[in-house]
Amino acid sequence: MSNLETYVTAFTSSLLVEESALENLKYQDIAAWDSVGHMALMASIEEAFGITMEIDDIIEFGSFAIGKEILKKYDVLI
Amino acid sequence: MKQIADLPVRIIAGGSLADLQYQALQPYAPEALAFLSAWSKQLLTRPDIRAYPDAASFAYWCRPANLARLHRELGRDQLRMGRGLALHIAPANVPVNFAYSFAFGLLAGNVNIVRVPESLPAQAGLLCAVAKSLLTQAEHARIASMTSLLSYPRDDAITQSLSAVADVRLLWGGDQTIHHLRLMPTSPRCVDIAFADRYSLCLLSAPAVLAAESKALLALTVGFYNDVFLLDQNACSSPHLILWQGTDLEVKAAQVRFWSAMQALLHTKGQPPGIHAVEKYTHLCRTAIQVNGAMATPTADNRVYRVALDQLPEDIADHRGRHGFFFETIDNGFTQLRRIVNTRYQTLTCFGVEVHSLAEMVVTSGLSGIDRVVPVGKALDIGVIWDGYDLIRTMSRIIALQ
(Lines give C-alpha, C1' and ligand atoms only; values in the text may rest on other atoms or scores of the structure.)
Protein backbone atom coordinates (compact mmCIF):
# COMPACT_ATOMS: atom_id res chain seq x y z
CA MET A 1 0.00 0.00 0.00
CA SER A 2 1.23 3.49 -0.76
CA ASN A 3 1.47 6.03 2.04
CA LEU A 4 -1.59 7.77 0.66
CA GLU A 5 -3.62 4.57 0.70
CA THR A 6 -2.48 3.87 4.26
CA TYR A 7 -3.41 7.41 5.30
CA VAL A 8 -6.83 7.20 3.65
CA THR A 9 -7.52 3.82 5.26
CA ALA A 10 -6.67 5.20 8.71
CA PHE A 11 -9.33 7.87 8.20
CA THR A 12 -12.02 5.68 6.63
CA SER A 13 -11.64 2.93 9.22
CA SER A 14 -11.38 5.17 12.30
CA LEU A 15 -14.06 7.66 11.37
CA LEU A 16 -16.31 5.33 9.36
CA VAL A 17 -16.40 7.91 6.59
CA GLU A 18 -16.30 7.53 2.80
CA GLU A 19 -13.06 8.28 0.96
CA SER A 20 -14.92 10.83 -1.18
CA ALA A 21 -15.60 12.95 1.93
CA LEU A 22 -11.98 13.18 3.02
CA GLU A 23 -10.40 15.95 0.99
CA ASN A 24 -11.86 18.91 2.93
CA LEU A 25 -12.68 17.02 6.11
CA LYS A 26 -11.92 18.84 9.36
CA TYR A 27 -12.15 17.95 13.06
CA GLN A 28 -15.76 18.17 14.28
CA ASP A 29 -17.14 18.39 10.72
CA ILE A 30 -18.82 15.05 11.33
CA ALA A 31 -20.15 13.41 14.50
CA ALA A 32 -17.58 10.62 14.23
CA TRP A 33 -14.63 13.06 14.37
CA ASP A 34 -15.17 14.20 17.95
CA SER A 35 -12.53 13.98 20.66
CA VAL A 36 -13.01 10.23 20.96
CA GLY A 37 -12.88 9.76 17.20
CA HIS A 38 -9.72 11.85 17.17
CA MET A 39 -8.06 9.49 19.65
CA ALA A 40 -8.97 6.54 17.48
CA LEU A 41 -7.65 8.29 14.37
CA MET A 42 -4.35 9.31 15.99
CA ALA A 43 -3.79 5.80 17.36
CA SER A 44 -4.54 4.35 13.94
CA ILE A 45 -2.12 6.71 12.16
CA GLU A 46 0.65 6.12 14.69
CA GLU A 47 0.31 2.40 14.30
CA ALA A 48 -0.01 2.45 10.51
CA PHE A 49 3.20 4.45 10.07
CA GLY A 50 5.06 3.12 13.12
CA ILE A 51 5.52 6.57 14.63
CA THR A 52 4.85 8.32 17.95
CA MET A 53 3.43 11.79 17.51
CA GLU A 54 4.16 14.73 19.77
CA ILE A 55 1.21 16.02 21.78
CA ASP A 56 1.36 19.39 19.95
CA ASP A 57 1.04 17.65 16.60
CA ILE A 58 -1.89 15.58 17.86
CA ILE A 59 -3.65 18.80 18.89
CA GLU A 60 -2.80 20.55 15.60
CA PHE A 61 -3.94 17.60 13.46
CA GLY A 62 -7.21 19.29 12.59
CA SER A 63 -7.94 18.16 9.05
CA PHE A 64 -7.17 15.56 6.42
CA ALA A 65 -5.05 18.16 4.61
CA ILE A 66 -3.12 19.49 7.62
CA GLY A 67 -2.37 15.94 8.70
CA LYS A 68 -0.34 15.34 5.56
CA GLU A 69 1.86 18.35 6.39
CA ILE A 70 2.31 17.22 9.98
CA LEU A 71 3.36 13.72 8.94
CA LYS A 72 6.25 15.16 6.93
CA LYS A 73 7.90 15.91 10.31
CA TYR A 74 7.92 12.16 10.90
CA ASP A 75 9.42 11.41 7.49
CA VAL A 76 6.09 10.16 6.20
CA LEU A 77 5.52 11.59 2.73
CA ILE A 78 2.02 11.35 1.38
CA MET B 1 5.17 -22.37 42.67
CA LYS B 2 2.38 -20.52 44.46
CA GLN B 3 -1.11 -21.96 44.45
CA ILE B 4 -4.31 -20.39 45.66
CA ALA B 5 -7.26 -22.53 46.64
CA ASP B 6 -10.33 -21.68 44.63
CA LEU B 7 -12.39 -19.04 46.41
CA PRO B 8 -16.06 -18.18 45.88
CA VAL B 9 -15.50 -15.29 43.48
CA ARG B 10 -17.04 -14.39 40.14
CA ILE B 11 -14.46 -14.45 37.37
CA ILE B 12 -15.18 -11.66 34.89
CA ALA B 13 -12.18 -12.10 32.59
CA GLY B 14 -9.06 -14.24 32.52
CA GLY B 15 -8.42 -17.41 34.47
CA SER B 16 -9.84 -18.81 37.67
CA LEU B 17 -7.60 -18.54 40.73
CA ALA B 18 -6.59 -22.17 40.48
CA ASP B 19 -5.60 -21.75 36.81
CA LEU B 20 -3.22 -18.85 37.35
CA GLN B 21 0.49 -19.46 36.76
CA TYR B 22 2.38 -17.38 39.27
CA GLN B 23 5.39 -16.60 37.14
CA ALA B 24 6.46 -13.01 36.63
CA LEU B 25 7.69 -11.40 33.41
CA GLN B 26 10.08 -8.55 32.86
CA PRO B 27 8.60 -5.05 32.72
CA TYR B 28 7.18 -4.19 29.29
CA ALA B 29 7.41 -7.82 28.16
CA PRO B 30 6.38 -8.41 24.53
CA GLU B 31 3.39 -10.54 25.57
CA ALA B 32 2.09 -7.78 27.86
CA LEU B 33 2.57 -5.10 25.18
CA ALA B 34 0.84 -7.28 22.60
CA PHE B 35 -2.18 -7.84 24.84
CA LEU B 36 -2.52 -4.20 25.89
CA SER B 37 -2.09 -3.01 22.31
CA ALA B 38 -4.77 -5.41 21.13
CA TRP B 39 -7.06 -4.29 23.96
CA SER B 40 -6.46 -0.67 22.94
CA LYS B 41 -7.13 -1.27 19.28
CA GLN B 42 -10.27 -3.32 19.81
CA LEU B 43 -11.70 -0.67 22.12
CA LEU B 44 -10.87 2.31 19.91
CA THR B 45 -12.38 0.76 16.82
CA ARG B 46 -15.74 0.03 18.46
CA PRO B 47 -18.44 2.55 17.52
CA ASP B 48 -19.94 2.28 21.04
CA ILE B 49 -16.74 3.61 22.65
CA ARG B 50 -17.95 7.04 21.51
CA ALA B 51 -20.30 7.18 24.52
CA TYR B 52 -17.47 6.65 27.00
CA PRO B 53 -14.67 9.22 26.78
CA ASP B 54 -13.01 7.74 29.86
CA ALA B 55 -12.86 4.26 28.33
CA ALA B 56 -11.58 5.79 25.09
CA SER B 57 -8.91 7.69 27.03
CA PHE B 58 -7.77 4.45 28.63
CA ALA B 59 -7.64 2.75 25.23
CA TYR B 60 -5.71 5.71 23.84
CA TRP B 61 -3.22 5.65 26.74
CA CYS B 62 -2.73 1.92 26.18
CA ARG B 63 -1.85 2.24 22.50
CA PRO B 64 1.44 0.80 21.21
CA ALA B 65 3.14 4.17 20.66
CA ASN B 66 2.51 5.27 24.24
CA LEU B 67 3.59 1.95 25.76
CA ALA B 68 6.77 2.10 23.68
CA ARG B 69 7.44 5.59 25.02
CA LEU B 70 6.91 4.42 28.61
CA HIS B 71 9.26 1.50 27.98
CA ARG B 72 11.95 3.88 26.80
CA GLU B 73 11.43 6.01 29.91
CA LEU B 74 12.00 3.03 32.19
CA GLY B 75 15.44 2.55 30.74
CA ARG B 76 17.33 -0.70 30.58
CA ASP B 77 20.21 -0.14 32.95
CA GLN B 78 18.71 -2.41 35.61
CA LEU B 79 17.60 -6.03 35.31
CA ARG B 80 14.05 -6.20 36.58
CA MET B 81 11.19 -8.63 37.01
CA GLY B 82 7.67 -8.23 38.32
CA ARG B 83 7.43 -8.82 42.05
CA GLY B 84 5.08 -11.74 41.48
CA LEU B 85 1.41 -11.56 42.31
CA ALA B 86 -0.23 -8.14 42.36
CA LEU B 87 -3.59 -7.86 44.10
CA HIS B 88 -5.60 -4.82 43.04
CA ILE B 89 -8.50 -3.51 45.08
CA ALA B 90 -10.12 -1.08 42.63
CA PRO B 91 -12.03 2.03 43.74
CA ALA B 92 -15.75 2.52 43.28
CA ASN B 93 -15.56 6.20 42.34
CA VAL B 94 -13.75 6.02 38.97
CA PRO B 95 -15.22 3.41 36.58
CA VAL B 96 -12.11 2.82 34.46
CA ASN B 97 -9.53 3.00 37.26
CA PHE B 98 -9.31 -0.79 37.57
CA ALA B 99 -8.08 -1.01 33.97
CA TYR B 100 -5.20 1.39 34.60
CA SER B 101 -4.28 -0.42 37.81
CA PHE B 102 -4.30 -3.75 35.99
CA ALA B 103 -2.22 -2.30 33.13
CA PHE B 104 0.35 -0.86 35.55
CA GLY B 105 0.66 -4.25 37.28
CA LEU B 106 1.01 -6.08 33.99
CA LEU B 107 3.51 -3.59 32.53
CA ALA B 108 5.62 -4.09 35.66
CA GLY B 109 5.65 -7.84 34.90
CA ASN B 110 3.21 -9.13 37.52
CA VAL B 111 0.50 -11.72 37.65
CA ASN B 112 -2.64 -9.73 38.43
CA ILE B 113 -5.76 -10.42 40.45
CA VAL B 114 -8.01 -7.40 40.12
CA ARG B 115 -11.03 -7.05 42.34
CA VAL B 116 -13.53 -4.81 40.55
CA PRO B 117 -16.72 -3.37 42.07
CA GLU B 118 -19.66 -5.76 42.13
CA SER B 119 -21.91 -3.62 39.98
CA LEU B 120 -19.89 -2.53 36.99
CA PRO B 121 -20.82 0.71 35.26
CA ALA B 122 -21.35 0.34 31.50
CA GLN B 123 -17.88 1.44 30.40
CA ALA B 124 -16.20 -0.84 32.94
CA GLY B 125 -18.32 -3.72 31.66
CA LEU B 126 -17.26 -2.89 28.12
CA LEU B 127 -13.56 -2.91 29.04
CA CYS B 128 -13.97 -6.28 30.77
CA ALA B 129 -15.94 -7.82 27.91
CA VAL B 130 -13.28 -6.92 25.37
CA ALA B 131 -10.50 -8.12 27.69
CA LYS B 132 -12.35 -11.38 28.29
CA SER B 133 -12.65 -12.09 24.60
CA LEU B 134 -8.97 -11.32 23.94
CA LEU B 135 -7.85 -13.53 26.81
CA THR B 136 -9.51 -16.55 25.23
CA GLN B 137 -7.32 -16.18 22.13
CA ALA B 138 -4.28 -18.42 21.77
CA GLU B 139 -1.87 -15.54 21.17
CA HIS B 140 -2.69 -14.07 24.60
CA ALA B 141 -2.54 -17.37 26.49
CA ARG B 142 0.45 -16.33 28.59
CA ILE B 143 -1.32 -13.17 29.73
CA ALA B 144 -4.53 -15.12 30.34
CA SER B 145 -2.57 -17.38 32.69
CA MET B 146 -1.46 -14.25 34.56
CA THR B 147 -4.79 -12.44 34.78
CA SER B 148 -7.92 -12.69 36.82
CA LEU B 149 -10.46 -9.85 36.83
CA LEU B 150 -13.00 -10.79 39.44
CA SER B 151 -15.60 -9.55 41.86
CA TYR B 152 -17.18 -10.71 45.10
CA PRO B 153 -19.50 -9.15 47.65
CA ARG B 154 -17.53 -7.64 50.50
CA ASP B 155 -15.84 -10.56 52.21
CA ASP B 156 -12.86 -10.04 54.45
CA ALA B 157 -12.06 -13.75 54.45
CA ILE B 158 -11.56 -13.76 50.67
CA THR B 159 -9.59 -10.52 50.71
CA GLN B 160 -7.43 -11.90 53.51
CA SER B 161 -6.70 -15.11 51.60
CA LEU B 162 -5.67 -13.10 48.56
CA SER B 163 -3.67 -10.60 50.61
CA ALA B 164 -1.76 -13.39 52.31
CA VAL B 165 -0.26 -14.58 49.01
CA ALA B 166 0.22 -11.21 47.29
CA ASP B 167 3.69 -9.83 46.58
CA VAL B 168 2.31 -6.37 45.95
CA ARG B 169 -1.08 -4.86 46.74
CA LEU B 170 -2.53 -1.81 45.03
CA LEU B 171 -5.10 -0.43 47.41
CA TRP B 172 -7.42 2.21 46.03
CA GLY B 173 -10.02 3.62 48.39
CA GLY B 174 -10.90 5.98 51.19
CA ASP B 175 -8.77 6.22 54.32
CA GLN B 176 -11.02 3.75 56.20
CA THR B 177 -10.77 1.13 53.47
CA ILE B 178 -6.99 1.45 53.30
CA HIS B 179 -6.70 1.18 57.06
CA HIS B 180 -8.90 -1.89 57.09
CA LEU B 181 -6.93 -3.59 54.31
CA ARG B 182 -3.62 -2.77 56.00
CA LEU B 183 -4.69 -4.66 59.11
CA MET B 184 -4.78 -7.90 57.10
CA PRO B 185 -1.63 -9.99 57.37
CA THR B 186 0.59 -10.00 54.31
CA SER B 187 3.86 -11.74 53.60
CA PRO B 188 7.03 -10.09 54.95
CA ARG B 189 8.16 -8.78 51.56
CA CYS B 190 4.76 -7.75 50.25
CA VAL B 191 4.73 -4.14 49.10
CA ASP B 192 1.55 -2.12 49.70
CA ILE B 193 0.88 0.85 47.47
CA ALA B 194 -2.01 2.83 48.92
CA PHE B 195 -4.00 5.34 46.93
CA ALA B 196 -5.92 6.94 49.75
CA ASP B 197 -8.29 9.86 49.82
CA ARG B 198 -6.68 12.90 48.18
CA TYR B 199 -7.69 16.51 47.64
CA SER B 200 -6.97 18.70 44.64
CA LEU B 201 -7.09 22.34 43.69
CA CYS B 202 -6.66 24.79 40.83
CA LEU B 203 -4.61 27.96 40.44
CA LEU B 204 -5.75 30.60 37.97
CA SER B 205 -3.86 33.77 37.05
CA ALA B 206 -6.38 36.60 36.67
CA PRO B 207 -4.22 38.58 34.22
CA ALA B 208 -3.82 35.46 32.08
CA VAL B 209 -7.56 34.80 32.08
CA LEU B 210 -8.26 38.40 31.12
CA ALA B 211 -5.64 38.39 28.36
CA ALA B 212 -6.67 35.03 26.87
CA GLU B 213 -8.00 35.12 23.31
CA SER B 214 -11.45 33.59 22.89
CA LYS B 215 -9.97 30.31 21.57
CA ALA B 216 -7.69 30.03 24.61
CA LEU B 217 -10.53 30.90 26.98
CA LEU B 218 -12.70 28.23 25.38
CA ALA B 219 -9.89 25.70 25.76
CA LEU B 220 -9.56 26.67 29.42
CA THR B 221 -13.26 26.13 30.08
CA VAL B 222 -13.28 22.82 28.21
CA GLY B 223 -10.24 21.69 30.20
CA PHE B 224 -11.82 22.78 33.48
CA TYR B 225 -15.05 21.04 32.54
CA ASN B 226 -13.18 17.79 31.86
CA ASP B 227 -11.25 18.07 35.13
CA VAL B 228 -14.40 18.61 37.15
CA PHE B 229 -17.62 17.45 35.56
CA LEU B 230 -16.66 14.21 33.81
CA LEU B 231 -16.64 12.57 37.23
CA ASP B 232 -18.62 15.25 39.10
CA GLN B 233 -15.64 16.00 41.34
CA ASN B 234 -15.69 12.45 42.68
CA ALA B 235 -12.17 11.75 41.48
CA CYS B 236 -9.45 12.76 43.92
CA SER B 237 -7.69 14.70 41.17
CA SER B 238 -10.61 17.01 40.50
CA PRO B 239 -10.25 20.51 41.97
CA HIS B 240 -12.55 21.65 44.77
CA LEU B 241 -10.76 24.90 45.50
CA ILE B 242 -9.67 27.69 43.18
CA LEU B 243 -6.81 29.99 44.08
CA TRP B 244 -6.74 33.22 42.11
CA GLN B 245 -3.70 35.40 41.62
CA GLY B 246 -3.88 39.09 40.69
CA THR B 247 -5.13 42.39 42.10
CA ASP B 248 -8.66 42.49 43.56
CA LEU B 249 -9.92 44.27 40.44
CA GLU B 250 -8.20 41.82 38.07
CA VAL B 251 -9.55 38.84 39.97
CA LYS B 252 -13.12 40.18 39.98
CA ALA B 253 -13.01 40.83 36.25
CA ALA B 254 -11.35 37.50 35.54
CA GLN B 255 -13.94 35.64 37.61
CA VAL B 256 -16.72 37.23 35.60
CA ARG B 257 -15.01 36.30 32.34
CA PHE B 258 -14.16 32.75 33.40
CA TRP B 259 -17.43 31.80 35.06
CA SER B 260 -19.67 33.24 32.38
CA ALA B 261 -17.68 31.27 29.80
CA MET B 262 -18.11 28.17 32.01
CA GLN B 263 -21.85 28.78 32.27
CA ALA B 264 -22.09 29.06 28.50
CA LEU B 265 -20.28 25.73 28.14
CA LEU B 266 -22.35 24.05 30.84
CA HIS B 267 -25.54 25.14 29.11
CA THR B 268 -24.55 23.09 26.07
CA LYS B 269 -24.28 20.01 28.26
CA GLY B 270 -27.95 19.88 29.16
CA GLN B 271 -29.84 19.99 32.41
CA PRO B 272 -28.14 18.39 35.41
CA PRO B 273 -30.24 16.10 37.64
CA GLY B 274 -32.27 17.88 40.32
CA ILE B 275 -30.68 15.78 43.03
CA HIS B 276 -27.26 17.32 42.29
CA ALA B 277 -28.68 20.78 42.85
CA VAL B 278 -30.28 19.70 46.11
CA GLU B 279 -27.01 18.19 47.26
CA LYS B 280 -25.11 21.37 46.43
CA TYR B 281 -27.66 23.57 48.14
CA THR B 282 -27.57 21.41 51.26
CA HIS B 283 -23.80 21.53 51.21
CA LEU B 284 -23.91 25.30 50.85
CA CYS B 285 -26.03 25.56 53.98
CA ARG B 286 -23.71 23.21 55.82
CA THR B 287 -20.73 25.29 54.72
CA ALA B 288 -22.39 28.50 55.90
CA ILE B 289 -22.70 26.98 59.37
CA GLN B 290 -19.30 25.33 59.54
CA VAL B 291 -16.93 27.65 57.72
CA ASN B 292 -16.28 31.13 59.12
CA GLY B 293 -16.42 33.94 56.64
CA ALA B 294 -17.91 31.83 53.84
CA MET B 295 -19.80 34.01 51.38
CA ALA B 296 -21.94 32.41 48.71
CA THR B 297 -21.35 34.03 45.33
CA PRO B 298 -24.65 34.60 43.52
CA THR B 299 -25.10 32.19 40.64
CA ALA B 300 -27.38 32.32 37.63
CA ASP B 301 -28.56 28.74 38.03
CA ASN B 302 -27.79 25.52 39.85
CA ARG B 303 -24.95 24.32 37.68
CA VAL B 304 -22.10 25.85 39.66
CA TYR B 305 -21.97 26.79 43.31
CA ARG B 306 -19.21 29.16 44.41
CA VAL B 307 -18.17 30.10 47.93
CA ALA B 308 -15.76 32.98 48.45
CA LEU B 309 -13.36 33.07 51.38
CA ASP B 310 -10.86 35.73 52.35
CA GLN B 311 -8.99 33.31 54.57
CA LEU B 312 -9.04 29.54 54.04
CA PRO B 313 -9.41 27.43 57.15
CA GLU B 314 -6.72 24.78 57.49
CA ASP B 315 -9.33 22.05 57.20
CA ILE B 316 -10.75 23.37 53.92
CA ALA B 317 -10.31 19.91 52.38
CA ASP B 318 -12.92 18.55 54.81
CA HIS B 319 -15.54 20.88 53.33
CA ARG B 320 -15.35 19.77 49.73
CA GLY B 321 -18.50 19.52 47.65
CA ARG B 322 -19.47 17.67 44.47
CA HIS B 323 -21.25 18.18 41.15
CA GLY B 324 -19.72 21.62 40.69
CA PHE B 325 -19.11 23.17 44.12
CA PHE B 326 -16.07 25.41 44.50
CA PHE B 327 -14.36 27.47 47.14
CA GLU B 328 -12.49 30.51 45.83
CA THR B 329 -9.90 32.76 47.35
CA ILE B 330 -7.06 35.06 46.36
CA ASP B 331 -3.56 33.82 47.17
CA ASN B 332 -0.88 36.01 45.65
CA GLY B 333 2.15 34.93 47.63
CA PHE B 334 1.08 31.30 48.09
CA THR B 335 0.78 32.09 51.80
CA GLN B 336 -2.62 30.44 52.02
CA LEU B 337 -1.47 27.44 49.99
CA ARG B 338 1.51 26.92 52.28
CA ARG B 339 -0.75 27.05 55.30
CA ILE B 340 -3.32 24.50 54.13
CA VAL B 341 -1.38 21.92 52.12
CA ASN B 342 -0.86 18.57 53.84
CA THR B 343 -0.29 14.96 52.73
CA ARG B 344 -3.88 14.74 51.51
CA TYR B 345 -3.18 17.24 48.71
CA GLN B 346 -2.54 15.63 45.35
CA THR B 347 -3.08 17.63 42.17
CA LEU B 348 -2.59 21.30 41.50
CA THR B 349 -3.90 22.34 38.11
CA CYS B 350 -2.96 25.74 36.76
CA PHE B 351 -3.51 28.30 34.04
CA GLY B 352 -1.32 31.28 33.35
CA VAL B 353 1.40 30.13 35.72
CA GLU B 354 4.27 27.91 34.66
CA VAL B 355 4.12 24.35 36.05
CA HIS B 356 7.87 24.26 36.67
CA SER B 357 7.84 27.36 38.83
CA LEU B 358 4.91 25.99 40.82
CA ALA B 359 6.64 22.64 41.29
CA GLU B 360 9.76 24.44 42.43
CA MET B 361 7.67 26.40 44.93
CA VAL B 362 6.36 23.08 46.32
CA VAL B 363 9.89 21.82 46.83
CA THR B 364 11.47 24.98 48.22
CA SER B 365 8.54 25.51 50.57
CA GLY B 366 8.94 21.92 51.82
CA LEU B 367 5.24 21.23 51.29
CA SER B 368 4.09 17.85 52.59
CA GLY B 369 1.60 17.46 49.78
CA ILE B 370 1.04 18.03 46.06
CA ASP B 371 2.25 15.14 43.90
CA ARG B 372 1.26 16.60 40.55
CA VAL B 373 1.37 20.01 38.95
CA VAL B 374 -0.39 19.97 35.59
CA PRO B 375 -2.20 22.39 33.28
CA VAL B 376 -5.98 22.73 33.61
CA GLY B 377 -7.50 19.93 31.54
CA LYS B 378 -4.97 17.31 32.58
CA ALA B 379 -6.21 16.63 36.12
CA LEU B 380 -7.59 13.18 35.33
CA ASP B 381 -4.67 12.03 33.15
CA ILE B 382 -3.50 9.02 35.09
CA GLY B 383 -0.11 7.50 34.32
CA VAL B 384 2.64 5.25 35.65
CA ILE B 385 3.86 8.04 37.94
CA TRP B 386 0.87 8.52 40.24
CA ASP B 387 0.24 9.82 43.75
CA GLY B 388 3.95 10.38 44.03
CA TYR B 389 4.76 6.75 43.27
CA ASP B 390 6.84 5.44 40.37
CA LEU B 391 4.59 2.45 39.85
CA ILE B 392 6.51 0.30 37.36
CA ARG B 393 9.68 0.55 39.44
CA THR B 394 7.85 0.01 42.73
CA MET B 395 5.96 -3.02 41.41
CA SER B 396 9.04 -4.74 40.02
CA ARG B 397 12.17 -5.99 41.73
CA ILE B 398 15.75 -5.42 40.69
CA ILE B 399 18.13 -8.32 40.19
CA ALA B 400 21.44 -6.77 41.12
CA LEU B 401 24.67 -7.95 39.54
CA GLN B 402 28.13 -7.31 40.78
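A residue counts as buried if 20 or more other C-beta atoms lie within 10 Å of its own, as exposed if 12 or fewer do, and as partly exposed in between, with C-beta atoms placed from the backbone. S205(B) is buried, because 21 other C-beta atoms lie within 10 Å. This is a predicted model, in which local features need pLDDT of at least 70, side-chain atom pairs count only at pLDDT 80 or more, and totals for chains, interfaces and linings use all residues. Residues are numbered from 1 along each chain as its sequence is written, and chains are lettered from A and ligands numbered from 1 in the order in which they are written.

**Surroundings of S205(B)**
- S205(B) belongs to strand β8 (residues 199-205) of chain B; helices (H or I, at least four residues) and strands (E, at least two) are DSSP runs, numbered from the N terminus.
- Leaving out residues up to four places away in sequence, S205(B) touches Q245(B), G246(B), F351(B), G352(B) and V353(B); contact requires C-beta atoms, placed from the backbone, within 7 Å.
- From S205(B) to A254(B) the C-alpha to C-alpha distance is 8.5 Å, although they are 49 residues apart in sequence.

**Strand β5 of chain B**
- In β5(B) (residues 147-151), 4 of the 5 residues are buried.
- Strand β1 (residues 10-14) of chain B runs antiparallel to β5(B), joined by 4 bridges; strands pair if DSSP finds at least two bridges between them.
- A13(B) has L149(B) of β5(B) as its bridge partner.
- Strand β4 (residues 111-115) of chain B pairs with β5(B) in the parallel sense, also over 4 bridges, and N112(B) stands opposite T147(B).

**Helix α2 of chain A**
- The 15 residues of α2(A) (residues 35-49) should span 21 Å at 1.5 Å a residue, and the end C-alpha atoms are 21 Å apart, which agrees; the expected span is 1.5 Å times one less than the number of residues.
- Helix α2(A) is largely enclosed by the rest of the structure, because 11 of its 15 residues are buried; among them are H38(A), M42(A) and E46(A).
- The cover over these buried residues includes α1 (3-15) and α3 (55-60) of chain A, and α1 (30-44), α2 (53-61) and α3 (64-74) of chain B.
- Just after α2(A), G50(A) has a positive phi of about 60°.

**Contact between the chains**
- In chain B, 13 residues are in contact with 8 residues of chain A.
- On the chain B side, α1, α2 and α3 each give two or more residues, and α3(B) gives the most, with 4 residues.

Methods:
Two residues are in contact if their C-beta atoms, placed from the backbone, lie within 7 Å.
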